[in-house]
Amino acid sequence: MNQAKDAAAEAEALQSVERHHAHMLKHLNGLVALLMEAVEARDAAAEETVQASLLDWCDTRLIPHALAEEGPLYGGPHATPEGRLLVEGMLAEHRVIVDLVEELRTSSGLAAAVAGSAIQRLFALHLDKENRLLMPFIVQSPDMSLAESVQGLHELTGEGADHHGGTHDDGTHHH
Ligand SMILES: [Fe+2]
Ligand SMILES: [Fe+2]
């Protein structure tokens, strides 16, 4: 972009991704807490149900969110000398999240709760870097636009895809 950026649109894009991150973390925290409870209570049936919900959420929300970021959101800063190392580190975190989801898939009981808890903590740390370091860097750079980077990506903003259908970020409704 050569022209002055639309500051209001940039701020709005930052807010919408931050909001979506907060919503995702809240949902993840809830599921991991339930899994912990089931494991502590040695309730095998509840454990199995919650683990399946958590896995489903990771497969349909968490991993698609990470993959959707890698091109449009990470690509710009990755191509800059100032942003490259941060993005490399954040891509490595995406890979660890994917590995932990596989660990969750193939484990049960205490090991599953440990994997879920690790996903939760890593995701909290990771989204904080996106909110406080990566996205502000894009907003402040004259050559990049956050609003353009996230446009149409409902995996990043939680908004319905261009108003012709889509899903809410809690994964419960389709319309
Ligand atoms: Fe990310
Ligand atoms: Fe993110």
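Just after helix α1, R42 adopts a positive phi of about 50 degrees. The model is predicted. Its secondary structure amounts to seven helices and zero strands. Along the sequence the order reads α-α-α-α-α-α-α. Of the 175 residues in the protein, 30% are buried. Among contacts with a separation of 6 or more, 66% join residues 24 or more positions apart.

- R42 sits in the loop between α1 and α2.
- R42 is not a glycine, yet its phi is positive.
- R42 counts as exposed, because 9 C-beta neighbours lie inside 10 Å and the cut-off for exposed is 12 or fewer.

**Helix α1**

- Helix α1 covers residues 7–40.
- It has 34 residues, and the distance from its first C-alpha to its last is 49 Å. That is close to the 50 Å expected at 1.5 Å a residue.
- The buried residues of α1 are E10, A13, V17, H20, H21, M24, L28, L31, V32, L35, A38 and V39.

**Packing of α1 with α5**

- Two packed helices are described by the angle between their axes and the distance between the axes.
- For α1 and α5, the angle is about 170 degrees and the axes are 9 Å apart.
- That angle makes α1 roughly antiparallel to α5, because the class takes in angles over 145 degrees.
- The contact of α1 with α5 contains 16 nonpolar, seven polar and three charged residues.

**Helix α4: span and two faces**

- Helix α4 runs over residues 84–105. Its 22 residues should span 32 Å at 1.5 Å a residue, and its end C-alpha atoms are 32 Å apart, so expectation and model agree.
- Which residues of α4 are buried? They are V87, M90, L100, V101 and L104.
- An α-helix has 3.6 residues a turn, so residues three or four places apart point the same way.
- The face of α4 turned away from the buried side carries exposed R84, L85, E88, G89, A92, R95 and E102.
- Cover for the buried residues of α4 includes α2 (44–70), α3 (75–78) and α5 (109–140).

**K129 in α5**

- K129 belongs to helix α5.
- Is K129 buried, exposed or partly exposed? K129 counts as partly exposed, because it has 14 C-beta neighbours inside 10 Å.
- K129 touches M90 and L134, leaving aside residues up to four places away in sequence. M90 is one of the buried residues of α4.
- K129 and L86 are 43 residues apart in sequence, and their C-alpha atoms are 9.0 Å apart in space.

**S149 in α6**

- S149 is part of helix α6, residues 146–150.
- S149 counts as buried, because 22 other C-beta atoms lie within 10 Å and the cut-off is 20 or more.
- S149 touches P72, L73, G76 and I138, leaving aside residues up to four places away in sequence.
- The C-alpha atoms of S149 and G75 are separated by 9.2 Å, although the two residues are 74 residues apart along the chain.

Terms used
Residues numbered from 1 in each chain as written. Chains lettered and ligands numbered in written order. Predicted model: local features only at pLDDT ≥ 70, side-chain atom pairs only at ≥ 80, totals over all residues. Helix = DSSP H or I, 4+ residues; strand = E, 2+ residues; numbered from the N terminus. Expected span 1.5 Å × (residues − 1). Contact = placed C-beta atoms within 7 Å. Axes fitted to C-alpha atoms, helices over the stretch in contact; angles between N-to-C directions. Parallel < 35°, antiparallel > 145°, perpendicular 65-115°, else oblique. Nonpolar A, V, L, I, M, F, W, Y, C, P; charged D, E, K, R; others polar.
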